[in-house]
Amino acid sequence: MKKRTKVVLHLAVFVIVFVGSALVRIALLGGAPERLIRVKWNDSVGTVYANQEYENTNGHKYDLYIPSGLDESQNQYLILFIHGGSFNSGAKEDGDAWCKYYATKGYITATVDYTLQAHGQEASIYLMNSEIESAVKAIKEQAEALGYRIAGMAPCGVSAGGTLAMNLAYNGNSEIPVKFVFQLAAPTYFAPSEWSLLMRVDKLKTEDEFCAMMTGKTMTDYSWEIQKISPACIVSADSVPSLIGYGLIDHCVPLSQKYYLMNAYDKYGVPYDYIGFPKSNHGMYNDLDKLQLFLDKSLEYADRYFKP
Amino acid sequence: MKKKDFIALVIVIAVAIILGAVCGKLLLDNLI
């Protein structure tokens, strides 16, 4: 074999193996959180009612998970997962492992689709909030039709889904009483100066364009509107207990975001727990011990706040 | 394939695996 052919061959092998190795590492590391919550699931564990309709103009649906053996004569409780994805991506299926995990703990669970930004439709936070509220109403009605009375719920979510979970929890518009909320890595305050990365992703040139997209409104001063869609600004003395987790090397959600929220909790005396993920970026894959702590804590919250 | 070529190929693969794994983690730590 000629020397030049050998070099080309070795280079090709190097590139292929390098890319393959990088992809395997990303898949293994990135999938670690989901492996932590994965549970065995079959018909004896529970039933999935997939693609259930709820009132919205864009044809979004939700999936409902009913654990086996629930007592119809007792109050039941719902954990609603809201997927993340920078408000412009993701799907309800992202919550499948979360829903199955909490369903095996005895809770009715659900995961919901909502209108996404940058897909050619108007998709303000207001619209997303109202869609989630409609989904909750539909879930309540469907659970009743199946014979279950849902007496309380806990919305939860990751990233953008965490924001929507908090909005539902704090704005008082939920058809099912919200008992607590838990979220990972959620944006809490939409001052445009904090969101240059999201603006670049969504190809927005000005802060006004960002505000218009988030609020669905055109105006000269967005400060009040931004507060109305920001969880940190709608926290009040009546807000429900909250469990939050943030990566300490998050490159997507500014590190300041968690402080806006915790300052509001402290100001209004809202009970909360904060778990820091010291080695994690936005995906929370590098601190599985902290994720386990977060999951255990969420179940503690359910024990404490779902009981009458 | 000569023994020398085989050893060279093994080294190339080993280095690619290690560098790929390191770069994969770096990418994850800095992107998402």
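**Reading loops, cores and contacts in a predicted model**

Student: A:Met284 is found in the loop of chain A that runs between strand E8 (272-277) and helix H11 (288-305). What is phi of A:Met284?

Tutor: As a general idea, most residues other than glycine have a negative phi. In this model, which is predicted, A:Met284 has a positive phi near 60° although it is a residue other than glycine.

Student: Is A:Met284 buried or exposed?

Tutor: The count of C-beta neighbours decides this, and a residue needs 20 or more of them within 10 Å to be called buried. A:Met284 has 26 C-beta neighbours inside 10 Å, so it counts as buried.

Student: Which loop holds A:Lys203, and is A:Lys203 buried or exposed?

Tutor: A:Lys203 lies in the loop between helix H6 (196-201) and helix H7 (207-215) of chain A, and its phi is also positive, about 55°, although it is not a glycine. The limit for an exposed residue is 12 or fewer other C-beta atoms within 10 Å, and A:Lys203 is exposed because 8 lie within that distance.

Student: How many residues does the largest nonpolar core have?

Tutor: In soluble globular proteins, nonpolar side chains tend to be buried together. Here the largest nonpolar core has 82 residues, and A:Leu78, A:Leu80 and A:Val181 are those with the most contacts inside it. Helix H4 (residues 125-145) of chain A supplies the largest share of this core, 8 residues. There is also a second, separate core of 5 residues, which includes A:Ala22 and A:Ile26 together with B:Ala16 and B:Leu28.

Student: Which residues does A:Val181 touch?

Tutor: Leaving out residues up to four places away in sequence, A:Val181 touches A:Ala154, A:Pro155, A:Cys156, A:Ala165, A:Met166, A:Ala169, A:Val240 and A:Ser242.

Student: What radius of gyration does chain A have?

Tutor: A compact globule of 308 residues would have a radius of gyration near 19 Å, and the 21 Å of chain A agrees with this. The C-alpha atoms of chain A fill a box of roughly 80 × 55 × 40 Å along the principal axes. The domain assignment gives domain 1 (1-30) and domain 2 (42-305) in chain A, and the C-alpha centres of these two domains lie 41 Å apart.

Student: How many residues of chain B are in contact with chain A?

Tutor: In chain B, 18 residues are in contact with 21 residues of chain A. The side of chain B that touches chain A has 12 nonpolar, 3 polar and 3 charged residues. As for confidence, the mean pLDDT of chain B is 88, with 91% of its residues at 70 or more, and the model scores ipTM 0.93 and pTM 0.90.

Conventions. Residues numbered from 1 in each chain as written. Chains lettered and ligands numbered in written order. Contact = placed C-beta atoms within 7 Å. Nonpolar A, V, L, I, M, F, W, Y, C, P; charged D, E, K, R; others polar. Core = buried A, V, L, I, M, F, W, Y, C linked by C-beta atoms within 7 Å. Helix = DSSP H or I, 4+ residues; strand = E, 2+ residues; numbered from the N terminus. pLDDT = per-residue confidence, 0-100. Domains from an automatic or database assignment. Rg over C-alpha atoms; globule rule 2.2 N^0.38 Å.
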